[in-house]
Amino acid sequence: MLSPELPQMSKPYARTRPSSWVADGLLFFGGAFIALLLLLTLWTFVTPSSIPNFNRTVAPPPTAVETDQCADDSDLRRDPRNRTFYDDREVRYTLGQPVRDWGEKRQQWLLHHPSLVAGAGERILMVTGSQPSACKNPIGDHLLLRFFKNKVDYCRIHGHEIFYNNALLHPRMGNYWAKLPVIRAAMVAHPEAEWIWWVDSDALFTDMEFKLPLDRYKNHNLIVHGWTHLVTETHSWTGLNAGVFLIRNSQWAMDFLEVWASMGPQTPEYEKWGETLRSTFKDKAFPESDDQTGLAYLIYKEKEKWGDKIYLESEYYFEGYWAEIVGTLDKIEARYDEIERGEEDNAVRLRRRHAEKVSEQYGAYREEYLREAGYGKGSWRRPFVTHFTGCQPCSGMHNEMYSGESCWDGMRKALNFADNQVLRKYGYVHASTGDIAATPVPFDYPAEF
């Protein structure tokens, strides 16, 4: 359909003033320029970062191959394309698939990730875990959650990473053997970590300030709580405890885990190993081969090959027995409060409110008062790790030498004791280790409490 023609508008000055088109042109272009400026001004309000930069040079598109593969990689989302052990199909995460030259492979990987080189010699990955199914004990899942929170708190304060696993990585390596496949996989997954720190699900940190004395272990590859004479002379399977240990991410550890795991239920020698271990360690309470007695056997029988690189720590509670610790916690807490109530400058400095991020500094301040406290049994120093061995919080099938209530009450008390050290940085504490509720603390706590 055609539109009706519009009447032509007359231009009365077109013939009478021939030069007026110049003025009209100037007005037109001036108005257009002002309109353009207005448009650009309005555009900046909508997209302030979109102002055109006419002097900007456009970077060429990335090439298929990076020219500087070892450049700064402070952005941890960047993984250079250099070939590493991850590109080698022969390098597996599983036990039974030995890895060779692991130390060299780790070093090569670190060279391609230079931002991770600083501090690599002391970097720790904590590994823990629990069963893949729900707990049979009605309060078991709650307790395990609190135990895990405790580990997360400790790692956050000290700058460690943590991996929690609740998958069975080997179908035939359950119970106490389940930790070995997890540790083996963690070593490959975290080449940046020098140490893998296994902590059982029923162990917790009751001194949130204490730091591992890594310099003490510089010539060793495995640190376990125990006593050499009980393992090598008395031949007691409880001469050490394998529920907490620190293992160096190294070729030595790769080889050792293979040997240690060869005593496990996935091998045809499992029953034979049970007999061997029980005949060697006469006080062993059950016939099956287990990880703890297997470790003691390797220290005793193969000292030159393995034992010389294993450090049995007995000076402090690297792993402490809960039954000898829980009853002392209230007195220990009172002693620490007494120190902070002092009027001397150091005591005032110690109770000063501070950010959680700088907690390690205040732990160093406290050492001045703890020199005479000693370590371990009989000491009024906070125990580092309290392990509820024999309590079985998930299944509830605790050792008959304990009552269920003594286990559960002891756990709550130890967890609150540790939690107070964390909550205080947030302005709260449990009024007592038996209290569930937390209350605000006064400004000059504990002097004003």
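This is a predicted model: local features need pLDDT of at least 70, side-chain atom pairs count only at pLDDT 80 or more; totals for chains, interfaces and linings use all residues.
**Entry 1: the start of helix 8**

I began at the start of helix 8, where a side-chain oxygen of D290 comes to within 3.1 Å of the backbone nitrogen of Q292. Residues are numbered from 1 along each chain as its sequence is written, and side-chain values use heavy atoms, with hydrogens and water left out.

I then asked how many residues of helix 8 are buried. Nine of its 11 residues are, so I noted the helix as mostly covered; buried means under 20% relative accessible area, exposed over 50% and partly exposed in between, with a 1.4 Å probe and protein chains only. D291, Q292, G294, L295 and L298 are among the buried ones.

**Entry 2: helix 8 against helix 6**

Next I looked up the partner of helix 8 (residues 291–301): helix 6 packs on it at an angle of about 120°, with the axes 10 Å apart. The axes are lines fitted to C-alpha atoms, for helices over the stretch in contact, and the angles run from 0 to 180 degrees between N-to-C directions. I recorded this crossing as right-handed; that is the case when the near helix is turned clockwise from the far one by less than a right angle, and left-handed is the anticlockwise case. Helix 6 brings F256, V259 and W260 to the contact, and helix 8 brings D291, G294, L295 and L298. I counted classes too: five nonpolar, one polar and one charged. Here Ala, Val, Leu, Ile, Met, Phe, Trp, Tyr, Cys and Pro count as nonpolar, Asp, Glu, Lys and Arg as charged, and the others, Gly among them, as polar.

**Entry 3: helix 6 against helix 4**

How do helix 4 and helix 6 run relative to each other, roughly parallel or roughly antiparallel? The axes of helix 4 (residues 179–189) and helix 6 (residues 251–261) come within 11 Å and cross at roughly 165°. The pair is therefore roughly antiparallel, a label for angles over 145 degrees, with under 35 roughly parallel, 65 to 115 roughly perpendicular and the rest oblique. I noted the crossing of helix 4 and helix 6 as left-handed. Helix 4 uses L180, I183, R184, M187 and V188, which meet A253, M254, L257, E258, W260 and A261 of helix 6. By class, I found nine nonpolar, no polar and two charged residues in this contact. W260 turns up on my list for helix 4 and again on the list for helix 8.

I went to A242 in strand 6 (residues 240–248). A242 counts as buried because its relative accessibility is 1%. Leaving aside neighbours within four places in sequence, A242 is in contact (heavy atoms within 4.5 Å) with K179, W198, D291, Q292 and L295.

H387 sits in strand 9 (residues 385–387) and is buried, at a relative accessible area of 2%. What does the side chain of H387 make a polar contact with? The partner is the side chain of E319, at 2.9 Å. Outside four places in sequence, H387 also has D200, D202, N241 and W322 among its contacts.

W227 is in the loop between strand 5 (222–226) and helix 5 (228–232), and is partly exposed at 33%. Beyond four places in sequence, W227 touches T238, G239, L312 and S314. Its C-alpha is 5.6 Å from that of G239, 12 residues away in sequence.

Most residues other than glycine have a negative phi, and most peptide bonds are trans. I therefore wrote down the exceptions I came across. N175, in the loop between strand 2 (161–165) and helix 4, has a positive phi of about 50° and is exposed at 72%. Q392 has a phi near 50°; this residue lies in the loop between strand 9 and helix 12 (404–423) and is partly exposed at 39%. A cis peptide bond joins Y445 and P446, with omega about 5°, and P446 is in the segment after strand 11 (438–440).

**Entry 4: the whole protein**

Of the 449 residues, 43% count as buried. Among contacts between residues at least 6 apart in sequence, 71% join residues at least 24 apart.

Note on methods: Helices (H or I, at least four residues) and strands (E, at least two) are DSSP runs, numbered from the N terminus. A polar contact is a pair of N or O atoms within 3.5 Å; within protein, one must be able to donate a hydrogen and the other to accept it, and residues adjacent in sequence count only if both atoms are side-chain atoms.
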